[in-house]
Amino acid sequence: MTAAICPGSFDPLTNGHVDVITRAVALFDRVVVAVVENPSKSPLFDLEERLALIRSAFADVPSVEVRAFSGLLVDLVVTERIDAIVKGLRAGGDFDYELQMAQMNQHLSGVETVFLPTSPEWSYVSSSLVREVARLGGSVDALLPPRVAKAVKEKLS
Ligand code: PNS
């Protein structure tokens with residue numbers, strides 16, 4: 001039984017996240033989506049809202065578990081008996097920071113990070129840009145699962 005963890009702020013869950021998590025489901029028996037309790041950037045959704053939106057997006061995928069975490073990711077990796085951290089990699093900008101985190105997590109616990117190249121369709125999509133565009137009145141509907149798009153509209157109305 002192999003297990004992966006997909007960590008992040010998910011503020012909000014985007015189609016890019018859904019793509020990476022869905023591809024992790026194809027590679028691992030169990031996928032834990034780990035939602036950090038206190039994202040550093042100015043949050044749009046609180047923790048319970050982020051958890052509920054992710055759970056609804058993966059309601060029909062039994063191998064996906066969604067849970068909150070605080071503190072070090074590697075502590076959760078140990079308690080959840082995780083084999084690999086799975087991260088999506090967009091264009092060059094992501095690489096330096098993601099490499100540093102992967103190496104630090106490997107140093108701390110020995111866990112490996114598996115990078116999945118983001119599908120080109122979603123390569124420009126990030127939660128922070130989605131928040132910015134939505135807050136400024138732009139349409140982000142095509143970049144989000146339908147329930148998330150609805151929740152963003154309600155939040156900003
Ligand atoms: O979606 P994000 O904001 O890019 O996710 C970043 C996240 C949550 C994966 C990262 O900040 C993290 O792992 N935080 C937990 C604290 C931790 O373990 N920090 C050391 C990382 S090497």
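Arg-23 counts as partly exposed, at 27% relative accessibility, where partly exposed denotes values between those of buried residues (under 20% relative accessible area) and exposed residues (over 50%), computed with a 1.4 Å probe on protein chains only. The model is predicted, and local features need pLDDT of at least 70, side-chain atom pairs count only at pLDDT 80 or more, and totals for chains, interfaces and linings use all residues. Residues are numbered from 1 along each chain as its sequence is written, and side-chain values use heavy atoms, with hydrogens and water left out.

The side chain of Arg-23 meets that of Asp-19 in a salt bridge, with an N to O distance of 2.9 Å; a salt bridge is taken as a side-chain nitrogen of Lys or Arg within 4 Å of a carboxyl oxygen of Asp or Glu. By this rule the count comes to ten salt bridges. Asp-19 is buried, its relative accessible area being 15%. Asp-19 and Arg-23 lie four residues apart in helix α1 (residues 15–27), a separation of about one helical turn. Helices (H or I, at least four residues) and strands (E, at least two) are DSSP runs, numbered from the N terminus.

A second salt bridge joins the side chains of Glu-80 and Arg-67 (2.8 Å, N to O). This pair links distant parts of the chain, 13 residues apart: Glu-80 is in the loop between α3 (73–79) and β4 (84–89), and Arg-67 is in strand β3 (residues 64–69). Glu-80 counts as buried at 15% relative accessibility, whereas Arg-67, at 31%, counts as partly exposed.

In helix α6 (residues 146–156), the buried residues are Val-148, Ala-149, Ala-151 and Val-152. Viewed down the axis of α6, the buried residues fall within an arc of 160 degrees, so they line one face of the helix; the arc is that of the directions from the helix axis to the C-beta atoms. These buried residues pack against α2 (47–57) and α5 (127–135), contact meaning heavy atoms within 4.5 Å. The face of α6 turned away from the buried side carries exposed residues, namely Pro-146, Arg-147, Lys-150 and Lys-153.

Lys-150 also forms a salt bridge with Glu-154, the closest N and O atoms being 3.3 Å apart. Both residues lie in α6, four residues apart, or about one turn of the helix. Lys-150 counts as exposed at 52% relative accessibility, while Glu-154 counts as partly exposed at 49%. Elsewhere, salt bridges that share partners join Arg-30, Glu-65, Arg-67 and Glu-80 into one network.
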